[in-house]
Amino acid sequence: MICPACGKEMESGWVYSRGVMMWSPEQGKMPRISGPEDVSLMKEMPWGFAPDYPIGYICKDCRKVIIEY
C-alpha cells in the first residue's frame, strides 16, 4: 500500500490491543461504552470479540497507520 501522505511504500502488519479496539468521533471515551457512531475495529462474533486483529499498514517516515477492519 502506498502512503497517502508521502507516496512511499507502507509496511503491512497487524494492529493489537489488550482490550476492545474502537474508533470514535469523540475523544476520551471509554472503549467499553460505545455510542451509535462508534465502530469496532475487531471481528465481532455472537459470543464477543474474536482474536482476529485488523491488518494495518504503517509509514514510519510519516508516522501514519492505515487499518483495514
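A residue counts as buried under 20% relative accessible area, as exposed over 50%, and as partly exposed in between. The exercises below apply this to a predicted model.

**Exercise 1.** Determine which residue forms a salt bridge with K8, and which parts of the chain the pair ties together.

*Solution.* Begin with accessibility: K8, at 43% relative accessibility, counts as partly exposed. The partner of K8 is D61, and the closest N and O atoms of this salt bridge are 2.8 Å apart. Because D61 lies in the loop between strand 6 (55-59) and strand 7, while K8 belongs to the segment before strand 1 (11-14), the pair links parts that are 53 residues apart in sequence. D61 itself has 55% relative accessibility and therefore counts as exposed.

**Exercise 2.** Find how many salt bridges a search of the whole structure gives, and describe the one that involves E11.

*Solution.* The search of the whole structure returns 2 salt bridges. In the one that involves E11, its side chain meets that of K60, with an N to O distance of 3.3 Å. E11 lies in strand 1 and K60 in the loop between strand 6 and strand 7, so this pair ties together parts 49 residues apart in sequence. As to accessibility, E11 is partly exposed at 46%, whereas K60 is exposed at 60%.

**Exercise 3.** Identify which residues form a nonpolar surface patch with V65, and classify V65 as buried, partly exposed or exposed.

*Solution.* V65 is located in strand 7 (residues 64-68). Its relative accessibility is 48%, so V65 counts as partly exposed.

Conventions. Residues numbered from 1 in each chain as written. Predicted model: local features only at pLDDT ≥ 70, side-chain atom pairs only at ≥ 80, totals over all residues. Heavy atoms only, no water. Helix = DSSP H or I, 4+ residues; strand = E, 2+ residues; numbered from the N terminus. Buried < 20%, exposed > 50% of the residue type's maximum accessible area, 1.4 Å probe, protein only. Salt bridge = Lys/Arg side-chain N within 4 Å of Asp/Glu carboxyl O.
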